[in-house]
Amino acid sequence: MSRSINAALVHTLGEAPRYAQTLLKGPLEDQVQVKVLATGLHQLVRSRASGKHYSSGGTLPLIPGVDGVGTLPSGEKVYFAAFGPGSGSFAEYVNVNKKEYIPIPQDADPATIAALVNPAMSSWLALNCRAQLKPGFSVLILGVTGASGKLAIQVARCLGASRIVGLGRNQETLEALRSSGLDATVALTDDINATKASIAKEAANVDIVLDYLWGPPAQYTMEAILAHRTEADQRLDWVQIGNMAGPSMQLPAKLLRSSNFVVSGSGIGSVSLPDMLKEISKLVVELSTGRLTHPVSRHQLSDIEKVWNAKEADRVVFLP
């Protein structure tokens, strides 16, 4: 049976959603209807709503949103994923596949979980599912000054990293992050040779690179690391997560042949849904206990139009 709900609706790709009433169909046999308590405004949400993300799809108007925290008809509190067509989370209610939610601690803060699972999951999945972890591993984070990069510092330390190097453009933020877990920093500047020299000095022998940038910075970071490793056969896991510096780069063949160099990606499709939910269950525990933290800005969903494109350092979460 359909029900009338308030939701954020995207009528034109690339434009801010509008708050309005719409009809939500009753759940299918393999679905359950979840009352949404909180849902996060992630970069992934904006990208999918613009039609630019590789997982974008659906018929307009569409409800954006890919995950959130809500309650089942039984009252149980859950974290849910909402990637399927017609299942956006920016609404009062959403139909969720019965295999795509997990219970969370009943005393967990819905806004915190909804805001931080997505950005923290990027590094959590990359390290646990796409890289080869060893005791006391070392890691370089490209794009460390963003929210996902900052959480990646905490995630890496939580998983046993002994040395964490961060690369970013904002020098003031880089210095501040030294007190938040970074062992060394590399400033991304327009002087490529100087940047490569700094990378070689601080990160030549890292075990893993978490790459939120891609584009030209990824290329010269690869070149700087692989040209200065103490042992060429030391494995380097390069996990591609985001492309804030560009969607493509040149990858010289010699880099792959001359070193023990493994390039992979971490995102929708590269990790199976069962594995993803298994890892999210572990991640939620860390977020619930406060071991992983980041400021959260709470807004009513009715304010979607004015908040959608706002620049906020805090993670934005909507409360329907």
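1. Strand β14 (residues 296-300) runs parallel to β15 and is joined to it by five bridges; strands are DSSP runs of E of at least two residues, numbered from the N terminus, and two strands pair if DSSP finds at least two bridges between them. Within this pairing, His-299 lies opposite Phe-318 of β15.

2. The model is predicted, with local features requiring pLDDT of at least 70 and side-chain atom pairs pLDDT 80 or more, while totals for chains, interfaces and linings use all residues. Numbering starts from 1 along each chain as its sequence is written, and side-chain values use heavy atoms, without hydrogens and water.

3. Strand β15 (residues 315-319) is mostly covered, with four of its five residues buried, that is, under 20% relative accessible area with a 1.4 Å probe, protein chains only. Strand β3 (residues 31-40) is antiparallel to β15 and joined to it by two bridges. Gly-40 has Val-317 of β15 as its bridge partner.

4. Over the protein as a whole, 52% of the 320 residues are buried. Contacts (heavy atoms within 4.5 Å) are counted here at a separation of 6 or more, and 70% of them link residues 24 or more positions apart.

5. The radius of gyration, taken over C-alpha atoms, is 20 Å, which agrees with the value near 20 Å for a compact globule of 320 residues; the globule rule is 2.2 Å times the number of residues to the power 0.38. The C-alpha trace spans about 65 × 35 × 35 Å along its principal axes.

Terms used
Buried means under 20% relative accessible area, exposed over 50%, partly exposed in between (1.4 Å probe, protein chains only).
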